[in-house]
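This report reads a single protein chain from its fold down to its side chains. Please keep the sequence and the model side by side.

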Amino acid sequence: MRPINLSNIAEKAEGEFNRLKPGAYPCTIMRVEDVPDKEYFWVVVDIIAGDYKDYFSDAFYADKDYAHRLCFSYKESAQGMLKGRLHVISDCNHGFDAEAAINAGKEQMLVGKAVGVVFREEEYYNKKTGEFEMGSARPDRVCRLTELEEERNAKPKPKMLNESQKRAAMERAGMRQAAGTVVSASDDYSDDIPF
């Protein structure tokens, strides 16, 4: 075994995990990744204050950007939402014009800027248990730093799957639900899914 230095490591009990609670947090934009063929860019954030400061800097999240990123679409149909989000970022950073940065094709200027981010839980299909469960809180939307304590931001409602999304999730998992039990999609059952 290689030598390990545990002298500066905080002790944790087995199974102890500081799971992020849904709510609004002050964040900084860590990275911006443009995906030009899809006409959007990812905005990767981390929390900069409070009990969850640097939450996503942990090695566990090194390859899990999906847990702390927002999609900023610049498709023509989404440009109004993009403009609104950029206005929020500008409001959080006195003297910075996020819209001007984007108009100039300089999306990297967003890196290091502060913004409020609302994290909410999302329902998902757990293939291992065959159940729909609530996942970890993930970024849902941006808000002004002055709006973190507002009810809709501080206590966001979870994102629940509708019936067609539930069917699609089960189909992607290769499962169907029949008579209240989970079975393999390869079994010979009716195509009726009871929701």
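## Report

At 17% relative accessibility, Lys166 counts as buried; buried means under 20% relative accessible area, exposed over 50%, and partly exposed in between (1.4 Å probe, protein chains only). The model is predicted, so local features need pLDDT of at least 70 and side-chain atom pairs count only at pLDDT 80 or more, while totals for chains, interfaces and linings use all residues. Residues are numbered from 1 along each chain as its sequence is written, and side-chain values use heavy atoms, with hydrogens and water left out.

**Salt bridges.** Lys166 meets Glu123 in a salt bridge (4.0 Å, N to O). The term stands for a side-chain nitrogen of Lys or Arg within 4 Å of a carboxyl oxygen of Asp or Glu. This pair links distant parts of the chain: Glu123 sits in strand S5 (residues 123-126) and Lys166 in helix H4 (residues 163-172), 43 residues apart. Glu123 is buried too, with a relative accessible area of 11%. By this rule the count comes to nine salt bridges. The table lists some of them.

| Glu123 | Lys166 | 4.0 Å |

Glu147 counts as buried at 15% relative accessibility. Arg144 is partly exposed, at 24%. Salt bridges that share partners join Asp91, Arg144 and Glu147 into one network.

**Fold.** The chain has four helices and nine strands. These are DSSP runs, numbered from the N terminus: helices (H or I) have at least four residues, strands (E) at least two. The order from the N terminus is β-β-β-α-α-β-β-β-β-α-α-β-β. Of the 195 residues, 38% count as buried. Contact means heavy atoms within 4.5 Å. Among contacts with a separation of 6 or more, residues 24 or more positions apart account for 56%.

The expected span of a helix is 1.5 Å times one less than its number of residues. For the 14 residues of H1 (residues 79-92) that gives 20 Å, and the end C-alpha atoms are 20 Å apart, which agrees. Its buried residues include Leu82, Leu86 and Ile89. The buried residues of H1 pack against several elements, among them strand S1 (23-35), strand S2 (40-47) and helix H2 (98-103).

A nonpolar core is a set of buried Ala, Val, Leu, Ile, Met, Phe, Trp, Tyr and Cys residues joined through side-chain atoms within 4.5 Å. The largest one has 31 residues, of which Leu20, Leu110 and Phe119 touch the most other members. S1, S2, S3, H1, H2 and S4 each supply at least two residues of this core. The largest share, five residues, comes from H1. Leu110 touches Leu86 and Ile89, and its other contacts include Phe41, Phe96 and Ile102, not counting residues up to four places away in sequence.

**Loop between S2 and S3.** His68 touches Val43, Val44, Val45, Phe56, Tyr61 and Pro139, not counting residues up to four places away in sequence. Gly50 lies in the loop as well, but is exposed, at 59%. Gly50 and Pro26 are 24 residues apart in sequence and 8.5 Å apart in space, C-alpha to C-alpha.
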